[in-house]
Amino acid sequence: MIFQTLTTSFKVEVLSGVHDLLTDTIKLALYSDAADLGAATTVYSTTNETSGTGYSAGGVTLTGVTINSSNGVAYVNFDNAVWNPATFSAAGGLIYNASKSNKSIAVLSFGATKIATNTFTVVMPTNSYNSALIRFG
């Protein structure tokens, strides 16, 4: 089962100064519905990772990292992640820090398995204090 959340290990590590989201290499890997991802996920794994045309193990590097604050909330956003060409399916993903031994950051659930026949895009939420994927407030 894939449960969308910030991982518990990330919460501890960010408070301990492990992650620097502006300079570290942050990646998004995709997974099938057989994956077991949630708050207890600590590192990127290839187990039940998506495979198919246009997808490479480890996923893609996230770009356009921005850190902002508003209304007492600090938040992080990324540009959309795109695979093109793409012929594969995915039910969720793991954002992780490739610069820090592949430590997990957040689990994404797509709500159902999504199938790509040309381009696969993970659309990031609005870059705001009440919508961003990673928020502290």
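**View 1. Asn71 sits in the loop between strand E4 (66-70) and strand E5 (73-77).** Strands here are DSSP runs of E with at least two residues, numbered from the N terminus. This is a predicted model, where local features need pLDDT of at least 70, side-chain atom pairs count only at pLDDT 80 or more, and totals for chains, interfaces and linings use all residues. Residues are numbered from 1 along each chain as its sequence is written, and side-chain values use heavy atoms, leaving out hydrogens and water. Asn71 is not a glycine, yet its phi is positive, about 55°. Most residues other than glycine have a negative phi. Is Asn71 buried or exposed? Asn71 is exposed, with a relative accessible area of 57% (buried is under 20%, exposed over 50%, partly exposed in between, with a 1.4 Å probe and protein chains only).

**View 2. Asn48 lies in the loop between strand E2 (26-31) and strand E3 (60-61).** Here, too, a residue other than glycine has a positive phi, near 60° for Asn48. Asn48 is partly exposed, at 32% relative accessible area.

**View 3. Three strands form an open sheet in the order E4-E5-E10, with antiparallel pairing.** Strands pair if DSSP finds at least two bridges between them. E4 and strand E10 (134-136) are the edge strands, each with a single partner, so one side of each has no neighbour in the sheet. Look for the antiparallel E4 and E5, joined by 5 bridges; Thr66 has Asn77 in E5 as its bridge partner.

**View 4. A cis peptide bond runs from Asn84 to Pro85.** Its omega is near 5°. Most peptide bonds are trans. Pro85 belongs to the loop between strand E6 (81-83) and strand E7 (88-97).

Conventions
Helices (H or I, at least four residues) and strands (E, at least two) are DSSP runs, numbered from the N terminus.
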